[in-house]
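Q: Could you walk me through reading salt bridges and burial in a model like this one?
A: Gladly; let's take the features one by one.

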Amino acid sequence: MYLNNGGHLRRAWFTNRKALAIAQMLGIHQVTGSTAGIWLDAKAGRSRIDPDYMWLRLVLTDRYLSLMLGLPQGTIENVFATPEALSDCVGFERFERFERFERMLGVAAGLILQRNSVERLDLANME
């Protein structure tokens, strides 16, 4: 976020992509209920560090920067926007709605990025 707010979007994209790759190596990208997050300290627990929410933040940032720079997205999966994940949004009512809205925006950004990558590869669109 520091690089993004400083106007260094390409460096922010590259740094976020590194974080995305490390998170995938740790298994954070896997669906809830898997072995993701077993490496967390039991004292810290999921109440303080939520791997699912960390994955959501990484994917949303990746999709935002990819849209801004015209670069491909890091992952096409939307495990953070399944009906179960949307129903698990907890907190104050207005924050629940905001989190659900954020998750749906992530799906929409992913679909736009998929469409853009298909259009680039479609020979019928090239003149």
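Q: Which residue forms a salt bridge with Asp62?
A: A salt bridge is a side-chain nitrogen of Lys or Arg within 4 Å of a carboxyl oxygen of Asp or Glu. Here Asp62 pairs with Arg17, and their closest N and O atoms are 3.0 Å apart. Asp62 lies in helix H4 (residues 51-69) and Arg17 in helix H2, so the pair ties together parts 45 residues apart in sequence. Helices are DSSP runs of H or I with at least four residues, strands are runs of E with at least two, and both are numbered from the N terminus.

Q: What kind of model is this, and how are residues numbered?
A: This is a predicted model, in which local features need pLDDT of at least 70 and side-chain atom pairs count only at pLDDT 80 or more, while totals for chains, interfaces and linings use all residues. Residues are numbered from 1 along each chain as its sequence is written, and side-chain values use heavy atoms, leaving out hydrogens and water.

Q: Is Asp62 buried or exposed?
A: Buried means under 20% relative accessible area, exposed means over 50%, and partly exposed is in between (1.4 Å probe, protein chains only). Asp62 is buried because its relative accessible area is 1%.

Q: How many salt bridges does the structure hold?
A: There are 2. Glu102 is buried because its relative accessibility is 15%, whereas Arg57 is partly exposed at 29%.

Q: Leaving aside neighbours within four places in sequence, which residues is Glu102 in contact with?
A: Contact means heavy atoms within 4.5 Å. By that rule, Glu102 touches Arg57 and Leu60. Helix H6, where Glu102 sits, spans residues 93-121.

Q: What does the fold look like as a whole, and how much of the protein is buried?
A: The protein has 6 helices and 0 strands. Of its 127 residues, 32% count as buried. Among contacts between residues at least 6 apart in sequence, 58% join residues at least 24 apart.

Q: Where is Gln30 placed?
A: Gln30 is in the loop between helix H2 (9-26) and helix H3 (45-48). Gln30 is partly exposed, with a relative accessible area of 33%.
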